Amino acid sequence: MTDRKSLEVLIIGYGRGNLTFIDRLITGLLEKGVRLTVATPRKSDLHRILSLKPKWLWTPRLHSHLWADVIITLLLLGANPRLRKPIWFWKLPNRAEGWRSKFKAFYRYLPFTHKNWDVIYFPWNSAAIDHIGLFDSGMPVVVSCRGSQVNIRPHQRGMGVFTAGLTVSLEKADAVHCVSQDILEEALHYGMTRTRAVVIHPAVDPDFFIPADLKMPGQEVRLVTTGSLIWRKGYEYMLMALSDLRCMGIDAKLHIIGEGNERNRILYTAQDLDLADKVILHGILSPEHVRQQLQQADIFVFTSLSEGLPNAVLEAMSCGLPVVTTDCGGVREAVTDGVEGIIVPTREPRLTAEALQKLAQDPELRRKMGSAGRKRVLKEFRLEDHVDAFITLFASTAAEKLERKGG
Amino acid sequence: MRKRLVLITAHFPQLSETFIVNKFLGLLDRGLDIYLVCSHFDKATWHKFPDLANHPGVKQRVRRCFPTQPKWLVPLLFLPALLRCLLWAPRHTLIYLKEGWTQFKWDIIRRFYLDSALIQLKPGILHFEFGSLAVGRTYLKELLHSQLTVSFRGYDLNFVGLDQPGYYDQVWKQADACHFLGRDLWQRAVRRGCPTEMQHRLIPPAIDLSLFQPEAERGPNSLGSPENPLRILSVGRLEWKKGYEFALQAIRMLVDQGTSVSYQVIGDGGHRDALYFTRHQLGLTESVEFLGSLPQHEVIQHLGEANAFLHPSLSEGFCNAVIEAQAMGVPVVCTDAGGLPENVANGVTGFVVPRRDPAAMAEKLALLAGDGALRLRMGKAGRVRVETHFQLDQQIKAFEAFYINLNNERMLEKNK
């Protein structure tokens with residue numbers, strides 16, 4: 001078996017968006033002594049984790065200009081003119097049709113030829129689909145299924161190519177990591193087999209997201225939610241629930257943390273439902289401020305339409321908040337209805353409002369559910385366990401591949 | 001002498017903004033000295049409008065602003081822009097630069113480049129086709145010594161700049177007159193700070209009735225069985241403000257109640273991903289079809305075949321699609337967003353239900369499915385309503401009067 005300390009992992013697809021959970025995972029892995037290489041087009045993409053000194057591998061930018069690519073290739077070959085590349089690499093351009101795609105295959109996989117990694121890890125399905133050639137390289141490959149790319153994208157128009165790529169990548173991957181059981185079931189439709197799938201739930205740092213010391217009971221109920229302002233998060237239904245809640249005679253303020261292209265929609269809906277002074281948009285906040293907002297709130301509310309397993313809910317539970325969430329994706333794997341919070345069906349603002357009412361009127365229930373949530377996070381969603389699970393996954397995948405090769 | 005009228009819009013021509021094309025051509029045919037300036041000109045769509053492509057002399061009257069993308073074009077084109085302005089409108093250019101200098105200093109050079117297409121036209125009346133276009137450009141009135149009018153068509157008042165108090169203050173101060181599509185928009189404008197003494201006219205949108213001729217006789221039979229499903233149609237861009245998510249929920253309810261439905265949506269837009277997902281999540285892949293955007297004659301054909309028109313909008317100005325459906329004799333189920341209650345006569349030409357209420361939509365659709373005579377009656381009433389209220393030539397006349405009144409009142413003020 002490969003020694004844990006010397007495990008060499010290549011991560012491709014980092015830097016798509018500003019996502020703390022990938023950072024947390026990378027930080028954890030680096031701290032445990034895994035030798036990470038992160039492949040991005042620009043070194044500045046790594047600025048958030050640069051202090052931990054991961055290795056950086058230059059990769060070409062996808063969708064750049066063809067002639068720029070040709071010049072860069074010539075420069076690269078000029079700098080290192082040895083053409084002794086592995087066989088799998090030469091096969092890729094041979095298989096491609098037309099000189100353009102031959103060149104593209106050559107160019108795209110050139111940076112990955114100078115070394116053999118123990119494991120290649122794709123944190124996103126889309127990254128795996130972009131680098132489908134690496135699945136034939138003989139290096140073990142691990143792919144993550146995180147949510148929308150398995151849940152939503154295949155059902156949209158003109159996604160035939162994407163779905164085909166998804167199927168190929170999930171068929172060929174040596175191990176598939178799913179963020180929840182729900183995602184696993186979904187991924188089974190796309191050529192994945194159960195034996196290669198591993199569920200590793202996302203995790204939070206319970207020492208960072210801590211409950212407030214003392215909660216001042218305010219006059220009005222303070223609701224909080226975190227998530228990008230995009231259609232998938234179903235904010236319209238949240239605002240409708242808030243409107244229903246006011247009809248039930250409960251005064252509540254909603255704090256929304258996040259940014260996105262549907263800001264206008266939320267502003268309009270709040271205005272339209274006469275809630276303009278009840279909804280506060282905070283934009284993107286630093287983790288410290290997110291924690292502060294969570295600590296000040298009474299209830300965490302979440303009305304997403306589709307999720308893998310929402311980190312937002314875990315963070316709120318870690319801060320000791322009772323959660324009211326829709327039954328989306330793997331939520332049921334983190335929250336048991338009636339214990340850590342209340343689960344309602346999607347697109348049912350009325351039921352969300354009733355759940356909120358129940359919690360708003362009962363501080364004792366809020367406290368009970370909050371502490372149950374904190375307990376559950378401490379037991380099941382610790383960051384350390386999460387990182388260990390990943391290291392085990394990487395190590396076992398690498399070992400299995402080695403065995404198969406030997407045999 | 002009549003003043004030169006310049007319409008300002010962002011994209012021209014656009015299928016979803018046919019009303020601007022109609023207004024432009026209608027006023028041109030009535031002999032107004034009218035120009036149109038757009039920031040993006042779409043050549044491909046131009047040929048989809050036979051009226052535009054075949055109209056003599058219309059090409060010179062549609063002008064494009066000088067481009068700002070790619071950026072390196074700007075310094076290259078600056079000199080031609082300046083020369084053209086000096087050649088065609090030397091006095092206006094000098095006044096613009098001189099007065100602009102006192103107001104903006106060096107920034108006037110940037111503004112001059114953006115406005116040069118307007119300056120060389122020497123406009124008498126500047127008309128912004130959307131309220132949001134006028135924001136930040138009201139200074140043009142002073143620099144060009146022209147009059148300023150603004151159309152408010154829905155989204156500009158409904159949700160643009162809601163988080164910025166006083167977003168339209170400059171517009172209210174500078175505009176000589178405003179045009180609103182309906183009473184609802186006027187009230188919204190007042191709520192957003194428009195002085196009530198502002199000179200304004202309510203001119204609803206209109207359609208060319210000769211294009212919309214219902215052909216086939218509709219039967220009064222009851223629909224909703226598997227062999228005879230209720231055919232529901234929606235026409236509108238796939239945007240969140242059209243509220244299709246709630247329509248899909250209503251369809252789900254109808255299907256659950258045992259009514260067979262075939263729902264078609266014509267249009268395309270940024271909210272498409274969400275709607276495809278919603279259709280999948282609600283398990284409606286069989287009964288709901290997204291047709292994408294279609295040319296007008298195909299839309300008319302689909303309207304001819306539909307049994308009911310559903311318009312689940314959350315925010316609306318007045319809505320041309322609903323007028324078109326009524327013209328084709330299709331009973332309408334729509335929400336009470338914006339000007340829709342003024343558009344549809346509730347209980348006569350269709351039903352108006354609360355916004356974001358799929359249950360109410362489903363109830364009215366089921367009612368229409370079961371009652372063929374009601375569908376026929378509402379369809380006929382819709383046609384009559386359009387004939388009396390939303391005719392194109394009435395609208396063009398109203399616009400003409402809008403601009404003439406503007407001149408007259410100005411004259412009166414001056415004489416005083």
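Q: What domains does the domain assignment give for chain B?
A: In this predicted model, the assignment for chain B gives domain 1 (5-64 + 123-206 + 392-415) and domain 2 (230-389), with the bounds coming from an automatic or database domain assignment. Residues are numbered from 1 along each chain as its sequence is written, while chains are lettered from A and ligands numbered from 1 in the order in which they are written. Local features need pLDDT of at least 70 and side-chain atom pairs count only at pLDDT 80 or more, whereas totals for chains, interfaces and linings use all residues.

Q: How many Å apart are the C-alpha centres of those two domains of chain B?
A: The C-alpha centres of domain 1 and domain 2 of chain B lie 29 Å apart.

Q: And how many residues are in contact there, between domain 1 and domain 2 of chain B?
A: On the domain 1 side there are 16 residues in contact with 13 residues of domain 2 of chain B, where contact is defined by C-beta atoms, placed from the backbone, that lie within 7 Å.

Q: Which element gives the most to the domain 1 side in chain B?
A: Helix H11 (183-191) and helix H9 (155-158) of chain B each give two or more residues to the side of domain 1 that touches domain 2, and H11(B) gives the most, with three residues. Helices here are DSSP runs (H or I, at least four residues), as are strands (E, at least two), numbered from the N terminus.

Q: What about the classes of residue on that side?
A: The side of domain 1 of chain B that touches domain 2 has eight nonpolar, four polar and four charged residues. Ala, Val, Leu, Ile, Met, Phe, Trp, Tyr, Cys and Pro count as nonpolar, Asp, Glu, Lys and Arg as charged, and the others, Gly among them, as polar.

Q: Switching topic, how many residues of chain B are in contact with chain A?
A: There are 16 residues of chain B in contact with 15 residues of chain A, and the largest share of the chain B side, seven residues, comes from helix H13 (residues 272-281) of chain B.

Q: How many helices and strands are there in chain B?
A: Chain B has 19 helices and 13 strands.

Q: Last one, what percentage of chain B is buried?
A: Buried residues make up 45% of the 416 residues in chain B; a residue is buried if 20 or more other C-beta atoms lie within 10 Å of its own, exposed if 12 or fewer, and partly exposed in between, with C-beta atoms placed from the backbone.

Notes:
Contact = placed C-beta atoms within 7 Å.
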